[in-house]
Amino acid sequence: MQISSFGERPVDLSDALAHVPGSTAHMERARRVIPRGMSSRGRLRAVPVAFDRGKGAHLFDVDGNEYVDLVMALGPMLLGHNPEAVIEAATRQLGKGLQFGGQSLGEVELAERIVQHVPSAEKVLLTNTGSEAVQSAVRIAKGATGRRVILKFEGHYHGWIDPFFVNSPGVPAAGEQHGLIPVVHNIAGQPTSTDVLVIAWNDVAEFDSVMAERGDDIAAVIMEPIPFNFGTMHAAPGYLDHVAAETRRHGALLIFDEVVSGFRIGLGGAQELLGVTPDLTTFAKAIAAGFPLAAVAGTEAAMECVTSGPVTHGGTYNGLPFAVAAAIANLDYLSENAQVLYPRLEARGAQLADGLRRVADKHGIPVVVNQIGSVLQAFWEPQMPVENYADAAESKAGPIAAINELVLAEGVHAAPRGIKFLSTEHTVEDLERVISAYDTAVGRYLG
Ligand SMILES: Cc1ncc(COP(=O)(O)O)c(C=O)c1O
């Protein structure tokens, strides 16, 4: 028997592990040469799975098991695994050359599309990952304002690059604190940066008091306009408008980190959905259907310090032609089929959320499921109502993680932390299978 503790109760993972002998051997080998056996810590799980290939909404592991995938690489695979039109476009471009070290037609065509779709975008810079896009946006804000302080919200995730890898999911919540929240670095022992201030999300009084005290030092207020990383929930009505207006009144820039929401929530992202526009926006993930591409889009005014000022945006691999070709094919497919695809993503998201809530009711477990479009988040006994990170962090991570390990043996690949991403390729039948798999896994968890 392989008993693991997930905080709440011991869980027998024997069946789940027996399912993946090849993956387990692969993981042991990986640990000999790769710290923890993974190149990204967010992929770690108690039951290791090594994948061989993916198609549509499905993944296949080295043991030959098939899974309905609810991870979708944590966001990029909006069109599913191996979307044909995108792969074809990238392959065509690869045949013409990997990199040129100069301008190429695709880069302009992609920037034009982003400007066309995203309400606040007038100028666009390309890079490779969401973390780099955040780094660039923050540098631009510092250049534009001549200030160096960034205000962030607790629980919002802006990538793994210092100094923004603080107070995001994975570190203890600050609990009942009011006003400024002490900076808690996600890496133990790492010095904290004096450039970052952290406050609670969704609290107008706290925001106003920090702006009154420090607003004139603040270069930018950065946020996930829909905080998918801790909750998949909307801010209180009027909150974003208020934050946007006050940020500007103090001469700071507003940065929307749309690395998750961009092109997933709609072609115009969260800013179009919510009707609030930032000065700068970061994109990655769903912009290029799985290829390494990210962007910073900004207003003409915000970008002025890059256009004719001293701020540098640079990188050998920025705007890789094959990734740019993939992004163009992706955005064209999304825009040509938007009337069908986005309502379908919403319907599938609602189907899965309803099904998971039914499973929770049937078993009498205290699970709350949030859903916005194609993203879901399950909490075990959060502080209700979930309005900010401290409420979400009251929930128990252990049972959610345990159930997401047990569901692997039922043919579902889901992230231990409870976030779920759907693609345009998930069918009604896939999701019925997922709901019944959770029914079985919850039954096993409860013993
Ligand atoms: C909102 C947000 N910003 C930034 C990032 C960092 O992106 P990347 O992992 O591509 O560096 C992420 C990644 O999950 C994210 O969710």
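User: How are helices and strands defined here?
Analyst: Helices (H or I, at least four residues) and strands (E, at least two) are DSSP runs, numbered from the N terminus. Arg 36, for example, lies in the loop between α2 (21-33) and β3. In total the protein has 14 helices and 16 strands. This is a predicted model, in which local features need pLDDT of at least 70, side-chain atom pairs count only at pLDDT 80 or more, and totals for chains, interfaces and linings use all residues. Residues are numbered from 1 along each chain as its sequence is written, and side-chain values use heavy atoms, with hydrogens and water left out.

User: What is the phi of Arg 36?
Analyst: Start with the general idea. Most residues other than glycine have a negative phi, and most peptide bonds are trans. Phi of Arg 36 is near 60°, a positive value in a residue other than glycine. Asn 167 also has a positive phi, near 45°. Asn 167 sits in the loop between β7 (149-153) and β8 (196-199).

User: Which peptide bond is cis?
Analyst: A cis peptide bond joins Met 384 and Pro 385, with omega about -10°. Look for Pro 385 in the loop between β14 (375-380) and α12 (389-393).

User: Is Asn 167 buried or exposed?
Analyst: Learn the cut-offs. Buried means under 20% relative accessible area, exposed means over 50%, and partly exposed lies in between (1.4 Å probe, protein chains only). Asn 167 has 1% relative accessibility, so Asn 167 counts as buried. Arg 36 has 48%, so Arg 36 counts as partly exposed. Over the protein, buried residues make up 57% of the 447 residues.

User: How do I read strand pairing?
Analyst: Strands of a sheet pair through backbone hydrogen bonds, either parallel or antiparallel. Here two strands pair if DSSP finds at least two bridges between them. Take the open sheet of 4 strands, with the order β3-β4-β5-β15 and mixed pairing. Its edge strands are β3 (51-55) and β15 (412-413), each pairing on one side only. Inside this order, 3 bridges join β4 (residues 58-61) to β5 (residues 66-69), and the two run antiparallel. Leu 59 stands opposite Tyr 67 in β5.

User: Which strands pair with β12?
Analyst: Strand β6 (residues 123-127) pairs with β12 in the antiparallel sense over 5 bridges. There, Thr 127 has Ala 294 as its bridge partner. Strand β11 (residues 280-283) is joined to β12 by 4 bridges, also antiparallel. Thr 282 stands opposite Val 296 in β12.

User: Why is β12 largely enclosed?
Analyst: In β12 (residues 294-298), 5 of the 5 residues are buried, so the strand is largely enclosed by the rest of the structure. Both faces are covered. Ala 294, Val 296 and Gly 298 are buried on one side, and Ala 295 and Ala 297 on the other.

User: What is Ser 136 in contact with?
Analyst: Contact means heavy atoms within 4.5 Å. Leaving aside its neighbours within four places in sequence, Ser 136 is in contact with Val 296 and His 313. Ser 136 is found in helix α5 (residues 130-145). At 8% relative accessibility, Ser 136 counts as buried.

User: What is the radius of gyration of the protein?
Analyst: The radius of gyration is taken over C-alpha atoms, and the globule rule is 2.2 Å times the number of residues to the power 0.38. With 447 residues, a compact globule would come near 22 Å; the protein has 22 Å, which agrees. The C-alpha trace spans about 65 × 55 × 45 Å along its principal axes.
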